[in-house]
Amino acid sequence: MRLAVTGATGRMGRAILTAADDRDAAVVLAVARESTTAVGHPVVPDDDVAARLREAEADVLVDFSAPAATARYAEACAESGVALVSGTTGLDDDARAALDDAAERVPVLHAANFARGAATLERLLADAVDALPTYDLELVETHHAGKRDAPSGTAGALLDAAGVAEDDRVHGREGEAPRADGEVGVHAVRAGAVAGEHEAILAGDGEELRLTHRAGDRQVFAEGALDAAAWLAGRDPGRHAFRAVIES
């Protein structure tokens, strides 16, 4: 696998490079806004990424960047015939459309969370909500102080898995705010250097069930993304799911 990495100087970019080195994976391209180095790898500016991907003969691009950048990288992958794995969260309509467009020409795998435990939590929460339909559901997520999007992409994926409509999601409460029927409270905590924690609470009369996933280090996300990259390279064009990776 010949690997390209975007956002190479960021937290996740450095984690991806470190994980790739641990696996002896061939990092053939690392890009960021400016020329520099990251984890011992040369980093080049992210202009004309399609040409850089072709020149590097990359098999797959791993992207943890920002929504606007992800849209550009998706277009570059489609143009250069390179598979795309992206963990960028907070995607807007334009970025989601760019992923869909790219998937018509190359394999694309986007996930809000590449931890295997978080993916399993989605399935467990869906099962729990089906088994406990009258219980109140609340979701609390905690991330480091620098995380940009709130609630997290993983929180959104969990709520989707639980079948919670957008209109039923209440983001925090203030003042006199008793719980309304059918609403689901979503609470985002930003503090310190927390890599990621998500807790789903299902509460009924006299009992509660709590399902929690904690990531102790962002390297777990990097390892999952590299697993996805190795699985995705050479596959047919289309949108692919991380669940297929962990079930393979």
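1. Two strands are taken as paired if DSSP finds at least two bridges between them; helices (H or I, at least four residues) and strands (E, at least two) are DSSP runs numbered from the N terminus. The model is a predicted one, in which local features need pLDDT of at least 70 and side-chain atom pairs count only at pLDDT 80 or more, while totals for chains, interfaces and linings use all residues. Residues are numbered from 1 along each chain as its sequence is written, and side-chain values use heavy atoms, with hydrogens and water left out.

2. The pair belongs to an open sheet of 8 strands with mixed pairing, in the order β3-β4-β2-β1-β5-β6-β7-β13. Because β3 (36-38) and β13 (238-240) each have a single partner strand and stand at the edges, one side of each is left without a neighbour in the sheet. Neighbouring strands of this sheet are turned by 25 degrees against each other on average, direction ignored; axes here are lines fitted to C-alpha atoms, for helices over the stretch in contact, and angles run from 0 to 180 degrees between N-to-C directions.

3. Two helices that lie across this sheet deserve a note. Helix α2 (residues 49-56) lies across β1 (2-5), β2 (26-32), β4 (41-45) and β5, and runs at about 165 degrees to β2. Helix α7 (residues 219-232) lies across β1, β5, β6, β7 (107-110) and β13, with an angle of about 160 degrees to β6. Contact, here and below, means heavy atoms within 4.5 Å.

4. Helices α3 (residues 67-80) and α4 (residues 93-103) pack with their axes 8 Å apart and at an angle of about 15 degrees, which makes α3 roughly parallel to α4 (angles under 35 degrees count as roughly parallel, over 145 as roughly antiparallel, 65 to 115 as roughly perpendicular and the rest as oblique). On the α3 side the contact is made by P67, T70, A71, A74 and A78, and on the α4 side by A95, A98, L99 and A102.

5. E183, in the loop between β9 (169-171) and β10 (184-190), is buried, with a relative accessible area of 12%; buried means under 20% relative accessible area, exposed over 50% and partly exposed in between, for a 1.4 Å probe and protein chains only. Its side chain makes a polar contact with the side chain of R173 at 2.8 Å (a pair of N or O atoms within 3.5 Å; within protein, one must be able to donate a hydrogen and the other to accept it, and residues adjacent in sequence count only if both atoms are side-chain atoms). Not counting residues up to four places away in sequence, E183 touches L137, D168, V170, R173 and P178.

6. The peptide bond from A150 to P151 is cis, with omega near -5 degrees, and P151 is placed in the loop between β8 (136-143) and α6 (153-161). Although not a glycine, D24 has a positive phi of about 60 degrees; D24 lies in the loop between α1 (11-22) and β2 and counts as exposed at 72% relative accessibility. E57, also not a glycine, has a positive phi of about 55 degrees, and E57 is found in the loop between α2 and β5.
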